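Hi everyone, thanks for coming. I'd like to walk you through one structure today, so please have a look at the screen.

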Amino acid sequence: MKIREVVCCSVAPPSATLGLGSIALYDIQTGSQLASFKQTSASIHSTAIVGTKAEKGGLIVASQPDKAILNVYTFQKEQLYLKIVLPEKLTCITTDTEGRYCAGGTANGKIYLWEVASGILFNAFDAHYRKITVLRFTLDGAALVSGSEDSRVTVWTLSSLLDNDLQHEIPTPYCTLADHTLPISDIKCDTIHALIRANMPIDFSLLFEPQLWEISSTTLLATFIFPQPITILAFDLAERAFFAASQDGSIHQVNLFRQRKNRMGHETGSLEAVGGMDEGGAMRIDDEDVPTRKRLISAGQEATSLAISFTGSTLLVGTATGVVQVYDIPSHQLIRSINVQQGFAVTHVCSFLKPLDLVGQMTIGGPSTTDNIPVRPISSFHRIRDQASRDAHEVPVMLPIPSETPVLRGGLPPYDFLADHRFFMGQQSETGATSTQSLQSRIAELEGELASMKQNLTKAKGLNDAMWETVVSSVLGSENSKTREEETGESRKSKKARVNGK
């Protein structure tokens, strides 16, 4: 099995009378369906994915818009794995990258924070005045960022929300980004530097002006003015660009770097970052040097979800008609269209590597993975805060399965992992000639070593034979001399006896 990239998309009906939606996995290369999880109709920002890693199977969690229910699925089977009853209906959910905690927001502005493995409700507090529209954990898991219809973006440190000594106090946010006037529709977060644990999110309201902030200093780095209202964003983790989509299907690519100019206004040939602490002013996309039409993607219909692929080479656009469009980012060409469910809106789309424990898939070294990779621990979420449960809380630890050969994360041997990585990145053609030359040189080197070893073996055999002949001749010579001495002594005795007899 080669490492392949999959597209995960969730669809929901425009009205409850059309039935339930689903969550499906598709191969990004061929567009074929790999798995389908039924009985769910998660709305926008109501689906979270926990990947398979560290010898633990992944999870898909989806909150239902019409009831206080959280559906949980695993990659190992398409049936519903667990149905969790919640304290109230959630408008959005999110999980951290490690799958340890799950946070949910409500229409009343309340945030719930659970531990996934034990189900303990660590905190529940009023965070906003109106409906919470989006929740995001930072990539390092240090903070939780919330956006609401009250036009505020609030950052909460996870350590303060989990602190036992602060359970009877109202949580204090790390900072509040209140430079907005309309409801927040989306938030994207990215870690700037792991050492200082500072984060750079992009947050924007249903307005023409997305904004770029730095959390560590609560500084507005840049504001981007678009010709149409922006609804959703996709942010490149390498901080090269982001994509902004509007309701008419127009998707703008905004580069976060530009050509550096000198004082005379001439380009110097080097690049510089867009925005910064010294320039937090507004930047019009139409006024940039590169024409807007060259950076504009027209989906032809309303875009309801947006994501950049795992490799960063393609853009995934979910539409209101149940179609996921895959675009090549450098050329902005439509590669393929994936028909998920006609007439249903794509509320969530993302991309990741194909899970090793995906149902019906073969793995390297074995016919099935459902018996080798256990499901990640998850329990029913508590609906009230219980101090006794927190005091008696035990952290479950899943020990890895011992193996005779070293195995990387996810169960792939090192050699197979490197080979699959080369295949996945499409570098076979570039490395083919180099690998052939290195193989030929290696063969010549081994042949030279073999010839040298044969010569040494011949010399060793000759030396051994010479030593053997020397030892044999010396032993036989000593025995012959002893025999001659004995014969001489006996002849002397016989002569003496004859002389005495006479």
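Let's begin with Glu98, which forms a salt bridge with Lys53; their closest N and O atoms are 3.7 Å apart. Glu98 sits in the loop between strand S8 (92-95) and strand S9 (101-105), while Lys53 is in the loop between strand S4 (47-50) and strand S5 (59-63), so this pair ties together parts that are 45 residues apart in sequence. Glu98 is partly exposed, at a relative accessible area of 29%, and Lys53 is partly exposed too, at 25%. Please keep in mind that this is a predicted model.

How many salt bridges does the structure hold? There are 7. Another one of them brings Arg130 and Glu149 together, with 3.6 Å from N to O. Arg130 is partly exposed, with a relative accessible area of 46%, and Glu149 is partly exposed with 25%.

Then we have Arg240 and Asp236, whose side chains meet in a salt bridge at 2.5 Å, N to O. Is each partner buried or exposed, or something in between? Arg240 has 41% relative accessibility and counts as partly exposed. Asp236 has 10%, and because the limit for buried is under 20%, Asp236 counts as buried. To finish with the charged residues, Arg136, Asp186 and Lys188 are linked in a network of salt bridges.

Now, on to the aromatics. A search of the whole structure turns up 6 aromatic pairs. Take Phe37 and Tyr73: their ring centres are 5.6 Å apart and their planes stand at 55°, so this pair is tilted. Phe37 belongs to strand S3 (residues 33-40) and Tyr73 to strand S6 (residues 69-74), so the pair ties together parts that are 36 residues apart in sequence. Phe37 is buried, with a relative accessible area of 0%, and Tyr73 is buried at 0% as well.

Trp114 and Phe381 also pair up, and this pair is stacked, with 4.9 Å from centre to centre and 15° between the planes. Trp114 is in strand S10 (residues 110-115), whereas Phe381 is in the loop between strand S33 (345-353) and helix H2 (387-391), so here the parts tied together are 267 residues apart in sequence. Trp114 is buried at 0% relative accessibility, and Phe381 is buried at 6%. Which residues make up the cluster around this pair? Tyr112, Trp114 and Phe381 form one aromatic cluster.

An open sheet of 4 strands runs in the order S3-S2-S1-S33, with antiparallel pairing. Why does one side of S3 lack a neighbour in this sheet? S3 and S33 are the edge strands, each with a single partner, so each has one side left without a neighbour in the sheet. On average, neighbouring strands of this sheet are turned by 15° against each other, ignoring direction. S3 is joined to strand S2 (residues 21-27) by 5 bridges, and the two run antiparallel. In that pairing, Gly21 stands opposite Thr40 of S3.

S3 also carries Gln39, which has a positive phi of about 60° although it is not a glycine. His332 is another non-glycine residue with a positive phi, near 60°. His332 lies in the loop between strand S31 (323-328) and S32, and it is buried, with a relative accessible area of 14%.

S32 itself covers residues 333-339, and Asn339 is part of it. Asn339 is exposed, at 56% relative accessible area. Apart from its neighbours within four places in sequence, Asn339 is in contact with Tyr26, Gly322 and Val323. The C-alpha atoms of Asn339 and Thr321, 18 residues apart along the chain, are 8.9 Å from each other.

Finally, let's step back to the whole chain. Its secondary structure comes to 4 helices and 33 strands. Of its 502 residues, 43% count as buried. Looking at contacts between residues at least 6 apart in sequence, 50% join residues at least 24 apart. The accessible surface comes to about 26500 Å², and 54% of that belongs to carbon and sulfur atoms.

Conventions. Residues are numbered from 1 along each chain as its sequence is written. This is a predicted model: local features need pLDDT of at least 70, side-chain atom pairs count only at pLDDT 80 or more; totals for chains, interfaces and linings use all residues. Side-chain values use heavy atoms; hydrogens and water are left out. Buried means under 20% relative accessible area, exposed over 50%, partly exposed in between (1.4 Å probe, protein chains only). Contact means heavy atoms within 4.5 Å. Rings of Phe, Tyr and Trp (its six-membered ring) pair if their centres lie within 6.5 Å; planes under 30 degrees apart count as stacked, over 60 as edge-to-face and the rest as tilted. Two strands pair if DSSP finds at least two bridges between them. Axes are lines fitted to C-alpha atoms, for helices over the stretch in contact, and angles run from 0 to 180 degrees between N-to-C directions. Accessible areas come from the Shrake-Rupley method with a 1.4 Å probe; for residues, only the protein chains shown count as cover. A salt bridge is a side-chain nitrogen of Lys or Arg within 4 Å of a carboxyl oxygen of Asp or Glu.
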